[in-house]
Amino acid sequence: MTKCKGCGAELQCEDKNSIGYVVNNEQAYCQRCFRLSHYGDTKSMYSNFVTNEKILDIYKKYSNELFVVIIDILDALVIEQDDLLELFKDYSTMLVVNKTDLMPVNMTDDKISSIFSRKLFELNRKYPKTRCAILTNKFEGAFNEQFFEVLDDLGVNRVVFAGRANAGKSSLINKLIKSDYLTTSMYPGTTLSDVEIDFGKYIFIDTPGLVDVNNYSTHLNNDKYKLSKIDKTIKPQVFQFVDRQSYFYQGLLRVDVIPKEKSSIIFYINNNQEIHRTKSENADDYYQKHYSEFDLKVKPLSEKEYSIDGEQLFVIKGLGLFKINGKCDIVVHSLSDVSVYKSEVSI
């Protein structure tokens with residue numbers, strides 16, 4: 001069996017509408033990968049999610065190897081509330097917290113390191129086979145050097161890269177080997193099977209991303225996914241309020257606030273999108289009036305109520321963060337299929 005070097009799909013010449021199609025057997029990359037890499041053609045995306053059951057079977061093939069578990073920075077903020085690491089409890093693992101450069105500029109590398117040092121100290125008690133953890137950063141060369149030093153310290157040369165969909169596994173491997181060997185895209189579901197890459201004395205194994213039902217990206221199509229994708233350092237959107245207000249992020253999110261004192265709310269989302277604010281008594285009318293204009297048409301959204309006393313950060317996977325400063329009650333309207341997480345992290 002010959003696999004596509006970009007996504008791991010089994011290559012075939014019979015059905016051009018099926019994954020793995022190549023014009024001839026001399027091609028190393030399937031047509032899907034070729035069109036995705038050269039033309040940005042994403043028409044086949046989202047229809048090819050690999051089931052978690054199949055991915056777990058792939059993991060079993062490499063059970064004796066080191067697993068590098070890639071965690072998106074937003075997911076990592078609530079990793080102790082997630083069941084991701086439970087899937088790797090029997091495997092020797094290294095954690096890599098990825099995309100740290102997306103955090104606001106006030107979140108320095110030292111602050112991020114301090115946050116996750118505390119988190120990982122507690123996680124290591126629960127998952128003793130977690131051997132180490134490192135953070136990516138804006139300086140690619142510095143991370144590469146540190147990564148290979150860790151592998152050499154552990155005496156490891158075969159590494160399996162694993163984690164949630166769109167955590168950045170394939171992109172990270174490409175950075176480590178300084179090549180565009182693996183096919184990457186902004187959308188989850190690009191890698192379809194395991195792909196082995198020889199790199200000097202190392203063998204890297206890329207794997208498909210695990211589907212997270214608590215992530216917005218799992219439930220959005222290509223066009224709508226662009227709304228939620230954060231690909232640049234976040235610029236906070238800050239609002240002060242003393243009376244009831246409602247905040248809309250397209251049709252993806254609505255937050256109603258009922259203040260008990262002067263308070264503020266800060267959104268950390270896609271920089272290309274703006275939060276709309278209106279008085280709460282006008283919120284339902286606003287939503288109904290502009291419903292047809294929203295990029296995501298979900299009605300009604302699920303409601304969750306919280307009482308805030310001080311500072312509280314909320315994480316909505318695949319969408320972003322928002323933080324409340326002050327005393328107030330809030331109602332969060334979001335997709336019923338995703339969870340809203342409260343984080344103890346201060347940013």
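Contact means heavy atoms within 4.5 Å. The term is used in this way for the predicted model described here, in which local features need pLDDT of at least 70, side-chain atom pairs count only at pLDDT 80 or more, and totals for chains, interfaces and linings use all residues. Residues are numbered from 1 along each chain as its sequence is written, and side-chain values use heavy atoms, with hydrogens and water left out.

R244 sits in the loop between β7 (237-241) and β8. Neighbours within four places in sequence are set aside. R244 is then in contact with V257, I258, P259, K279 and S280. R244 and S343 are 99 residues apart in sequence, and their C-alpha atoms lie 24 Å apart in space.

The chain as a whole comes next. It has 8 helices and 14 strands. These are DSSP runs, numbered from the N terminus: helices are H or I with at least four residues, and strands are E with at least two. The C-alpha atoms fill a box of roughly 65 × 45 × 35 Å, taken along the principal axes. With 347 residues, a compact globule would have a radius of gyration near 20 Å, and the 21 Å of the chain agrees with that. The radius of gyration is taken over C-alpha atoms, and the globule rule is 2.2 Å times the number of residues to the power 0.38.

Of the 347 residues, 55% count as buried. Buried means under 20% relative accessible area, exposed means over 50%, and partly exposed lies in between (1.4 Å probe, protein chains only). The chain exposes about 16500 Å², and carbon and sulfur atoms supply 45% of this area. Accessible areas come from the Shrake-Rupley method with a 1.4 Å probe; for residues, only the protein chains shown count as cover. Among contacts in the chain with a separation of 6 or more, 70% come from residues 24 or more positions apart.

Helix α5 (residues 140-154) packs with helix α6 (residues 169-177) at an angle of about 90 degrees, and their axes are 10 Å apart. Axes are lines fitted to C-alpha atoms, for helices over the stretch in contact, and angles run from 0 to 180 degrees between N-to-C directions. The helices α5 and α6 are therefore roughly perpendicular to each other. Angles of 65 to 115 degrees count as roughly perpendicular, under 35 as roughly parallel, over 145 as roughly antiparallel and the rest as oblique. From α5, the contact is made by E140, F143, N144, F147 and F148; from α6, by L172, K175 and L176. These residues divide into 5 nonpolar, 1 polar and 2 charged. Ala, Val, Leu, Ile, Met, Phe, Trp, Tyr, Cys and Pro count as nonpolar, Asp, Glu, Lys and Arg as charged, and the others, Gly among them, as polar.

A167 lies in the loop between β4 (158-163) and α6. A167 is buried, with a relative accessible area of 2%. Not counting residues up to four places away in sequence, A167 touches I70, D72, N98 and K99. A167 and L227 are 60 residues apart in sequence and 17 Å apart in space, C-alpha to C-alpha. K178 is in the loop between α6 and β5 (195-199). K178 is exposed, at 69% relative accessible area. Its phi is positive, about 55 degrees, although K178 is not a glycine. Q250 also has a positive phi, of about 50 degrees, and is not a glycine. Q250 is in the loop between β8 (245-249) and β9 (253-259).

Two further buried residues complete the account. G8 is in the segment before α1 (31-39). At 2% relative accessibility, G8 counts as buried. Leaving out residues up to four places away in sequence, G8 touches K3, S193, D194 and V195. G8 and R118 are 110 residues apart in sequence and 37 Å apart in space, C-alpha to C-alpha. L313 belongs to strand β12 (residues 302-316). L313 counts as buried, at 1% relative accessibility. With residues up to four places away in sequence not counted, L313 touches L321, F322, K323, Y341, K342, S343, V345 and I347. L313 and F267 are 46 residues apart in sequence and 9.9 Å apart in space, C-alpha to C-alpha.
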